[in-house]
Amino acid sequence: MSKSKKKRNKKYTGQDAKSTDNLVRIRKVNAVVRSPLKQWLYDHRQFLKRAAIAIVVVGVVIFLIVQAVIAIRS
């Protein structure tokens with residue numbers, strides 16, 4: 001038996017490669033009826049996650065500073 005040739009699975013990115021600029025991108029969309037508040041929360045969830053993480057971090061830092069000041073005073 002002859003040795004089988006390895007198949008190439010890496011995309012060619014050379015100068016004369018096929019352009020990917022004009023490809024159609026498909027996004028999955030769910031048709032769900034939401035109240036205005038729930039729709040706003042759904043649209044801004046990424047910002048709200050980051051804001052919540054920032055608030056928790058700031059809260060922990062303030063708590064630690066207050067505990068350090070209380071420990072120094074006693």
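This is a predicted model: local features need pLDDT of at least 70, side-chain atom pairs count only at pLDDT 80 or more; totals for chains, interfaces and linings use all residues.
A residue counts as buried under 20% relative accessible area, exposed over 50%, and partly exposed in between.

**View 1. R45 is a partly exposed residue of helix α2.** Let us begin with R45, which belongs to helix α2, residues 45–73. Its relative accessible area is 42%, and because this value falls between the 20% and 50% limits, R45 is classed as partly exposed. Twelve residues separate R45 from V33 along the chain, and their C-alpha atoms lie 17 Å apart.

View 2. Which residue has its charged end over the ring of Y42, 4.3 Å from the centre? That is R45, the helix α2 residue from the previous view. R34 also lies over the face of Y42, at 3.8 Å from the ring centre.

**View 3. A nonpolar patch lies on the surface.** Here we meet I53, V57, V61, I65 and V69, which form a nonpolar patch on the surface. Is V57 exposed or partly exposed? With a relative accessibility of 48%, V57 counts as partly exposed, since exposed begins over 50%.

**View 4. L64 is an exposed residue of helix α2.** L64 is also found in helix α2. Its relative accessible area is 51%, so L64 passes the 50% limit and is classed as exposed. How far apart in space are L64 and K10, C-alpha to C-alpha? The answer is 51 Å, for two residues 54 apart in sequence.

**View 5. The whole protein puts the close-ups in context.** Stepping back, the protein contains two helices and zero strands. Its radius of gyration is 27 Å, well over the 11 Å that the globule rule gives for 74 residues, so the protein is more spread out than a compact globule. Along the principal axes, the C-alpha atoms fill a box of roughly 85 × 45 × 30 Å. Buried residues account for 0% of the 74 residues. The accessible surface of the protein comes to about 8,300 Å², and carbon and sulfur atoms contribute 62% of that area.

Definitions and conventions: Residues are numbered from 1 along each chain as its sequence is written. Side-chain values use heavy atoms; hydrogens and water are left out. A charge sits over a ring if NZ of Lys or CZ of Arg is within 6 Å of the ring centre and within 35 degrees of the ring normal. Helices (H or I, at least four residues) and strands (E, at least two) are DSSP runs, numbered from the N terminus. The radius of gyration is taken over C-alpha atoms; the globule rule is 2.2 Å times the number of residues to the power 0.38. Buried means under 20% relative accessible area, exposed over 50%, partly exposed in between (1.4 Å probe, protein chains only). Accessible areas come from the Shrake-Rupley method with a 1.4 Å probe; for residues, only the protein chains shown count as cover. Patches are made of residues with over 30% relative accessible area and no salt bridge: like charges are joined within 9 Å, nonpolar side chains (Val, Leu, Ile, Met, Phe, Trp, Tyr) within 5 Å. A salt bridge is a side-chain nitrogen of Lys or Arg within 4 Å of a carboxyl oxygen of Asp or Glu.
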